[in-house]
Amino acid sequence: FFCIACQILRKVCHFCFLMKLRKQVTVCGGAIFCVAVFSLYLMLDRVQHDPARRQNGGNFPRSQISVLQNRIEQLEQLLEENHQIISHIKDSVMELTDTGAVSPSGHLPFRSANGSWVLPFDGRPTFLAVKPQDCQFSASSRGQADVQMLDVYSLLKFDNPDGGVWKQGFDITYEPEEWDNEPLQVFVVPHSHNDPGWIKTFDKYFTDQTQHILNNMVVKLPEDPRRKFIWSEISFFSKWWETADVHKQEAVRKLIQGGQFEIVTGGWVMTDEANAHYFAMIDQLIEGHQWLERNLGVTPRSGWAVDPFGHSATMAYLLKRANLTSMLVQRIHYSIKKHFASTRNLEFMWRQAWDTGSSTDIFCHMMPFYSYDVPHTCGPDPKICCQFDFKRLPGGRINCPWKVPPKTVVEANVAERAQLLLDQYRKKSKLYRSKVLLVPLGDDFRYDKALEWDQQYINYQKLFDYMNSHPEMHVQAQFGTLSDYFDALYKTNGVAQGAKPADFPVLSGDFFAYADREDHYWTGYFTSRPFYKSLDRVIESHLRGAEILYSLAVANARHAGMEGRYPVSDYALLVDARRSVGLFQHHDAITGTAKENVVIDYGTKLLRSLIGLKRVIINAAHFLVMKNKEFYRFYQTEPFLETDDRRATQDSLPQRTLIELDPAGPRYLVLFNPIEQERLCVVTALVNTVRVRVLTEDGQTLPVQLSAQWSSASQMSATFMVRLPPLGLAVFHLYDSPDSPMTLRSETLLRLPGRGASARATDPLPVRSQQADPQTFYISSQSLTLGFSGTTGLLESIKRKDDPQEVKVQMQFMIYGTRPSKDKSGAYLFLPDGKAKPYSQKEPPVVRVVEGPLFSEVVAHYQHFQQTVRIHNVPGVDGLSIDMSTMVDIRDQTNKELAMRLTTDIQSGDAFYTDLNAFQVIQPRRRFLKLPLQANFYPMPSQAYIQDSHHRLTLHTAQSLGVSSLESGQLEVIMDRRLMQDDNRGLGQGLKDNKKTASRFRLLLERRSTGNKMMDSATTSFPSVLSHMTSAVLNHEVLALPVLPKRRGIPPLQTFAPLKSLLPCDFHLMNLRSIQSQDPQSPSPYTALILHRLALDCGVEAQNLGFNCTTTQGQLSVSGLFKSLDLQLLQPMSLTLMHAGAPLANDSTISLDPMEISAFKLKLR
C-alpha cells in the first residue's frame, strides 16, 4: 500500500519539477498533501472496511489463493484510481499554465490573457473506477425473442385494405368439427372502465357514476353466484370504500373470497405508458397495492390495460416485479394486431429487450379488434356483437350504429341467438393458440344503473345455459374474472400459473406509436399540454426528495429518542402527494387529453401537493441540520426555513424566493442535494444587493458571479460553486459585505437588430450593446466552446476541449400546421399539413450574451419563445453538458405546433434512440419512409440520442415531449401545440388553454471510443455513466432553502451527510419510502428502500465526473450505508411491498443485476 502512496507522490513531484512551476508551487504542494492523505485514507479504509472480510467475520476464506486474488484485485483498483487522480491533477495544473494565469491582485478567480477564467483549485482529486465486469452487460448478447418489434416494423407494409366485416383484419373461417374433441371454453368478463378524470373531473365522475356502479355491484353480484365483475382503479375504489357502510364492505370481502369480484392491476390509476416516468408508475402501483393490503388483504394477479394509447415494455417489467403473473393490452396499431392475429401471436411471453435469459418474461394477452367496447369484443363482426350489448336494447339511451338492435333473449329465440353468438366466439378463438377464449363485456362507466346489471347478466346467463346444455355445440360458456381466464388457459396448456405454454412465442419491444384507423397516429399527446407534463416532473422530484428526507429525519429522531418532538404527522402530506401524483399518471391526465376544467382540477391538486411537499422537506431539513438537537423546536405556524420558490396559481411559473441581506448579520442558506452521489455544481440565489459574500460552513469564501435579474432592478442573481454531500444538506452563510474580492460581476452584451439601436443600463451591473452582425460568436468554459449564429442567436456548433473536431449542432425552430380539410390534429392526433416550415418573424431577435467566471449564457428573445443556452465553468458533470431552457408562449397562434430541431453532421442514418419511461431502456428506433411523418414520432420521457462511430449527441429532457429524427443527423422535439378543434376521439375540445411554458434540457456531446457497428444493430442501447448523471442532475435540481431570520438568533447549524459509504455510481436510489401503518395517516417503523441498478455503456470515452465513481458488480452493504442509524431489519420484498422474502442477516450484502429494480423493507433507528 505504501508503495502506491510513494508512487503517487513521486509522480506528482516529478510532474511539478517538469513544469518548472514557480507560481504553481503552492498548488502542487497542496496537491501532494491532499493526494498523500487521500491515498493513505483510501488504503486504511480499504483494509478496515473490506465488505468481503466483514461478511466472513474476519476469517480468511478457505483457499489462500482467493485471498491473494482479492489482494491483487484491490491493488489493481487502487492503481487505476491513483492513475486517474494523477491525470486529473495534471489536467488542473496544465490548465493553470495554459492560460498564462497570473492574477493581477493575487486573488482568484480572475480572467487570464486569453479570456478564460481561472477559478480556485477545488483540491479534491476524483476518480472513475468502473469495473470491466460492469461494462459487459451493455455489450453482451441478449436472450433470443421470437418476435422483435423492430423487425415487425421492417416487415409490415402498413397498408390498410378492407378486411370485410372486420374492417382492419381479414375473413375468418373454421370447420364446424374443430371443437369436437376439445370444447371451446368461453369466459365473458364484465368490466366498467372508469377514467379518474376526462370529460368530467374525478369527483364529478365519482358522484355521477362511479359510486352507483359499486353500490349496484354489492347488490347485484350476490343475486347469482355465477356472476363475475372486475375493477382496476383504486383511486375511485378507495373513495367509495371510505363512504361505504360496514355491510357493503363486508359484501365486497365475501365477493372477493368467493371469486366473484377481482381487482385487476390494482394501481391507483390505469397509468399512461408513454409520458409517465417510471418513478411515478411504480409509486402509483405501490399506493394502490398498499391500500389493498391494508383494507382488503388482496394481492392482484393479473394486469388490465385497455385504454392507454400504446403500450410500453416498462409496464410489463413492473408488473412482473410486483409478482403479477399475466397481463392484458388493447390499444395497439391495427396493422400490428392484424399481423399478430394472422400468425396467432396475440398471446406471448413479453420479455425485456435487455434480458439475457427469461427472468423478465410475463404472459401477455393482446385484444385483437378496434376497441374494448362490446361491439368489438365478442368476435370480428361489430354489427353482430352490438346485438349482444343488452344496454342497447330498444328504448334505452344508446343504440347500435349498425342499425340492428339487440333482442331480449326468450325461449323462442335463444337457439338462434346462441348460435349467432357462438359463431363469433369461434371465429375470435381462431386467432389464438388455445381453446380458451376471453370475451370482455363492458365499456366506459358501464353498470351504473341496476337495470343494466339485469339486462346484461340475465340475458347472457340464458345464452350460457342454452349453450352448456347442448353438447353438440361443444362449448362451455360462463362469466369469469380475468384471472379465471388465465388460470383456465394455463391449466389447458398444462403449465404453472404465469409459465410459458409450449409453442407460445416470446416477444420483445414496445407498442408505439399507436394508430386506431387510417393514418391517425396518436403521437400528438406525447406533447399536448407541456406545462403540466413539466409540473408533474417537478412534483415527482419533490416527492422523492421529501420521502427520503422524511424517512431519514424520523429515523434520526427515533434514534435520538425525539420522536415525540418531530412533526411525524407530515406523513399525511406525503400520502396526499403520492395520491395526487398517482392520479395525474392516468391516461387522460399526463397525456394532456382531458377537458379544460378537468385540467385545472388536476393542476389544483398538484399545486396543493407541491406546497405540502415543500413543507415536509423544510421540516425534515430543519431537524437534520440542527447541530445540537436539544435546541430543536418545531412550531407549526413558524417555519424555520423558507421554500426555494413559490407558485401563485396552478398554471403560473415559479418565482424564486428573495434572500434579503442585511449588514447586521448573515443569512443562512440550506442546500439539499436529492441525488445519491456527491455533487459539484453551481447554485443561484436571488439577493437584494451586489455586496454579497458567500461562505461555506467552515468559513471558506466562495467565488460568486453576480448577474442582473431582468424583471427587477433591485434584485440580483448570485451564482456560486458548491460541493454537496449525496442526499445531504449543506449550510452556507451569505453576508452583505462591501469587501468581497471573490464576488465578480457578469459581463453582459446586448446584440441588437437594426442601426443605431442601443441599450442603457444603470449600475450596479453594466451592460454593453452593439449592432448584431452575421458573424458566428462564441462562449466557452473549461470543458466546452459553443458557436452561435450572429443572425439568429441560436446554437451552431459544439467543441469539446479534449476533441480537436468541432461538431455542427445547429438549432432551428420550426412550425407545423394541420390538415386543411377533414381530419385535423387535436389533443390525441398529430395530423400535420406536410413537412415543418422554418419559424420566422419580421424583426430579428434581441440576443443577450452574459459571460463570467462560473457560467456564460446566450439568450435569444423571439416573439413566441425565448431560448437560453448556458454552460457552467465547473469541473465534472455540471460542466460537461449544455444547459438549455426554452420559454414558449404560442397563445396567439391558430392550429400551429412549435418544434425545436437540432441538425448535426453526425452520420446517424435512419436510426435514433429514445427512452421508455426514463427507465433507461433506450429503444433503437428507425425512421420509415413507408410511414407518414407523424408515425415517426415517439415519446421522450427523459432522453433521445443520435450517434455515429465517432460521436453520440444526447438530448436530455426534464419533461416528456414528442421526438423524432426525420433526417440523418437530426433530432426534433415538439415543444407545444395549439389546436382549435376536436380530433373526434371523444374529448369534444381542441387544445386552446396553452400556458407560458418553460421546458428544460441538457445537451450532451460524447466521443465514442468504440465505433462498434455490431452494437448499433442491437435491440438495446444504454447511456454512459456521465449521461446517467446528467439526467439525474437535470431531473433533481438542488433545492435552496433560506433560513428565516429569527429575533432570538439562529442556533448552530451543520451539514447533514446521511451516507456512511459511497453508493456505487451505477445504483440509483429510487425511493426511501416510509411504509404506512394501519392508520393511513401515520407511518409504521418500516421504510421501503427501492434501488435501480443502471446499465452502463462503456463504449463512450470516460470524463472527470467531479465525484468519486466506483462500481461493485452490483454488490451493496445496506448496513454500512446510513450514518448514525442502526439497521434492525433487511427484508427483500416484491416491488409493491406485498410479497415478502425471508429476512436477511443485517450485515448481508445485497446484489442487483444491471437494469434490475429491487425493493427491501428496512427498519432503521
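Tutor: Let's start with a definition: a disulfide is a pair of cysteine sulfur atoms within 2.5 Å. Keep in mind that this is a predicted model.

Student: Okay, how many disulfides does the structure hold?

Tutor: There are 4 of them. Take C1065 and C1109, whose sulfur atoms sit 1.9 Å apart. The angle about their S-S bond is 60°, and this link is right-handed. It connects distant parts of the chain: C1065 is in the loop between β46 and β47, C1109 is in strand β49, and 44 residues separate them.

Student: What is the handedness of the disulfide between C378 and C385?

Tutor: That one is left-handed, because the torsion about its S-S bond is about -90°. The two sulfur atoms are 2.0 Å apart. As for accessibility, C378 is buried at 2%, and C385 is buried at 0%.

Student: Which cysteine does a disulfide join to C386?

Tutor: C400 is the partner, with 2.1 Å from S to S. The torsion there is about -100°, so this disulfide is left-handed. Both C386 and C400 lie in the loop between α13 and α14, so the pair ties together parts 14 residues apart in sequence. C386 and C400 are both buried.

Student: Let's move to strands. How do I read a pairing?

Tutor: In general, strands of a sheet are held to each other by backbone hydrogen bonds, and they can run parallel or antiparallel. In this model, look at β29 (residues 784-788) and β30 (residues 795-800): they pair in the antiparallel sense over 5 bridges.

Student: What joins β30 to β31?

Tutor: Another hairpin, running through 6 residues. Strand β31 covers residues 807-816, and its 2 bridges with β30 are antiparallel. To find one of these on screen, pick S797: its bridge partner in β31 is K808.

Student: In what order do the strands of the open sheet come?

Tutor: The order is β21-β20-β24-β18-β46, 5 strands with antiparallel pairing. At the edges stand β21 (701-702) and β46 (1039-1042); each has a single partner strand, so one side of each has no neighbour in the sheet. Further in, β20 (residues 692-695) pairs with β24 (residues 729-736) through 4 antiparallel bridges, and V692 faces D736 of β24.

Student: Which helix lies across β18, β24 and β46?

Tutor: That's α19 (residues 596-625), which runs at about 90° to β24.

Student: And how should I read a helix by itself?

Tutor: The general rule is that an α-helix has 3.6 residues a turn, so residues three or four places apart point the same way. Now try α15, residues 450-468: its 19 residues reach 27 Å from the first C-alpha to the last, close to the 27 Å expected at 1.5 Å a residue.

Student: Which residues of α15 are buried?

Tutor: Quite a list, including W453, Y457, Y460, F464 and M467. The buried residues of α15 pack against several elements, among them β5 (184-193), α7 (202-220), α14 (414-429) and β12 (436-444).

Student: How do I read the surroundings of a single residue?

Tutor: Check its place, its accessibility and its contacts. With 25% relative accessibility, Q185 counts as partly exposed.

Student: What does Q185 touch, leaving out residues up to four places away in sequence?

Tutor: K435, V436, L437, Q476, A488 and T492. With T492 there is also a polar contact, side chain to side chain, at 3.5 Å. And Y485 is 300 residues from Q185 along the chain, yet their C-alpha atoms are 9.0 Å apart.

How values were computed. Residues are numbered from 1 along each chain as its sequence is written. This is a predicted model: local features need pLDDT of at least 70, side-chain atom pairs count only at pLDDT 80 or more; totals for chains, interfaces and linings use all residues. Side-chain values use heavy atoms; hydrogens and water are left out. Two strands pair if DSSP finds at least two bridges between them. Contact means heavy atoms within 4.5 Å. Axes are lines fitted to C-alpha atoms, for helices over the stretch in contact, and angles run from 0 to 180 degrees between N-to-C directions. The expected span of a helix is 1.5 Å times one less than its number of residues. Buried means under 20% relative accessible area, exposed over 50%, partly exposed in between (1.4 Å probe, protein chains only). A polar contact is a pair of N or O atoms within 3.5 Å; within protein, one must be able to donate a hydrogen and the other to accept it, and residues adjacent in sequence count only if both atoms are side-chain atoms.
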